[in-house]
Amino acid sequence: MALKDVRPGDVVVVRRAGDVIPEVVGPVLPRDDPDRAAWEFPTTCPCPRASTLVRPDGESDTRCVDPECPFQRAGSIEHFAGRGSMDVEGFGEQRVRLFLDLGLVSDVADIYSIDWDRLAALRAVVVTGTLEGFSRDEAASAIKARGGKSPGSVSKKTLAVVVGAEPGASKVTKAEELGVPIVDEAAFVHILETGELP
Ligand SMILES: [Zn+2]
């Protein structure tokens with residue numbers, strides 16, 4: 001960026017280089033804002049801890065070496081558990097984030113001691129009736145984004161049946177028969193936040 005004097009906000013010319021990788025040729029000059037500041041390499045990690053970045057002598061990589069950095073933790077778990085390494089089933093990027101959020105894992109060793117029952121329980125939440133804060137699609141994608149499923153019918157494996165306005169009678173009856181908890185929208189939000197029933 002310094003070499004070609006490309007600054008944040010510039011319009012740039014890009015050309016195809018080799019087969020795939022696009023090359024930035026340079027900024028379109030004169031720039032609309034001649035006082036635009038040059039880009040500076042960040043000195044802190046974008047993680048919430050804003051840890052100071054380190055560039056070891058003789059290396060070209062700048063990195064965060066804070067052992068408590070949540071991004072580093074997620075990255076190392078993803079790397080360790082992912083394809084090309086251990087290939088642990090169910091450990092995609094989204095899952096790792098979810099597990100960290102839920103406190104199910106905090107480091108690589110935790111992969112082997114995960115409470116899989118709790119995870120299985122996370123998987124099915126049935127919503128019936130109209131919720132105030134979520135459309136049907138939004139509720140389903142919120143569940144899916146947290147690693148869960150939103151099946152159309154109630155089974156023994158269902159964590160909870162969330163009941164909105166004018167719920168389907170058959171789902172409620174089935175939940176009662178199977179002893180599946182029937183909860184309201186506030187409880188649904190709690191489930192989304194914690195992975196557990198209130
Ligand atoms: Zn960091």
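Student: In this predicted model, which strands does α6 lie across, and at what angle does it run to β6?

Tutor: The strands under α6 are β5, β6 and β7. Against β6, the helix α6 runs at about 135°.

Student: What is the strand order of the open sheet of 3 strands, and how are the strands paired?

Tutor: The pairing in this sheet is parallel. β5 and β7 (182-183) each have a single partner strand and stand at the edges, so one side of each has no neighbour in the sheet. The order is β5-β6-β7.

Student: How many bridges join β5 to β6, and which residue in β6 is the bridge partner of Val127?

Tutor: β5 and β6 run parallel and are joined by 4 bridges. For Val127, the bridge partner in β6 is Val162.

Student: Which element gives the most residues to the largest nonpolar core?

Tutor: That core has 17 residues, and Val125, Val126, Ala160, Val161 and Val162 have the most contacts inside it. Two or more residues come from each of β5 (125-128), α4 (136-145), β6 (160-163) and α6 (185-194). The element that gives the most, with 4 residues, is β6.

Student: What does Ala160 contact, leaving aside its neighbours within four places in sequence?

Tutor: Ala160 is among the residues with the most contacts inside the largest nonpolar core. Outside its sequence neighbours within four places, Ala160 is in contact with Val125, Val180, Pro181, Val183, Ile191 and Leu197.

Student: How many residues are in the other core, which lies apart from that one?

Tutor: Its members include Ile77, Ala81, Val96 and Leu104. The number of residues in this other core is 6.

Student: Where do the buried residues of helix α2 point, to one face or around the helix?

Tutor: The buried residues of α2 (residues 93-102) are Arg95, Val96 and Phe99. Seen down the axis of α2, they fall within an arc of 100°, so they line one face. What covers them includes α1 (70-81).

Student: Is Lys171 buried or exposed?

Tutor: Lys171 lies in helix α5 (residues 169-178). Leaving aside neighbours within four places in sequence, its contacts are Val126, Thr128, Val154 and Val161. Because Lys171 has 22 C-beta neighbours inside 10 Å, and 20 or more is the cut-off, it counts as buried.

Student: What distance separates the C-alpha atoms of Lys171 and Val161?

Tutor: Lys171 and Val161 are 10 residues apart along the chain. Their C-alpha atoms are separated by 7.8 Å.

Student: Which residues are joined by a cis peptide bond, and what is omega?

Tutor: Most peptide bonds are trans. Here Pro30, in the loop between β2 (22-27) and β3 (53-54), is joined to Leu29 by a cis bond. Its omega is about -5°.

Student: What phi does Ala50 have?

Tutor: Most residues other than glycine have a negative phi. Ala50 is in the loop between β2 and β3, and it is partly exposed, with 14 other C-beta atoms within 10 Å. Although Ala50 is not a glycine, its phi is positive, about 45°.

Student: What phi does Asp5 have?

Tutor: Asp5 is placed in the segment before β1 (12-16). With 13 C-beta neighbours inside 10 Å, Asp5 counts as partly exposed. Asp5 is not a glycine, yet its phi is positive, about 50°.

Notes
Residues numbered from 1 in each chain as written. Predicted model: local features only at pLDDT ≥ 70, side-chain atom pairs only at ≥ 80, totals over all residues. Buried ≥ 20, exposed ≤ 12 C-beta atoms within 10 Å, placed from the backbone. Arc of directions from axis to C-beta. Contact = placed C-beta atoms within 7 Å. Core = buried A, V, L, I, M, F, W, Y, C linked by C-beta atoms within 7 Å. Pairing = 2+ DSSP bridges. Axes fitted to C-alpha atoms, helices over the stretch in contact; angles between N-to-C directions.
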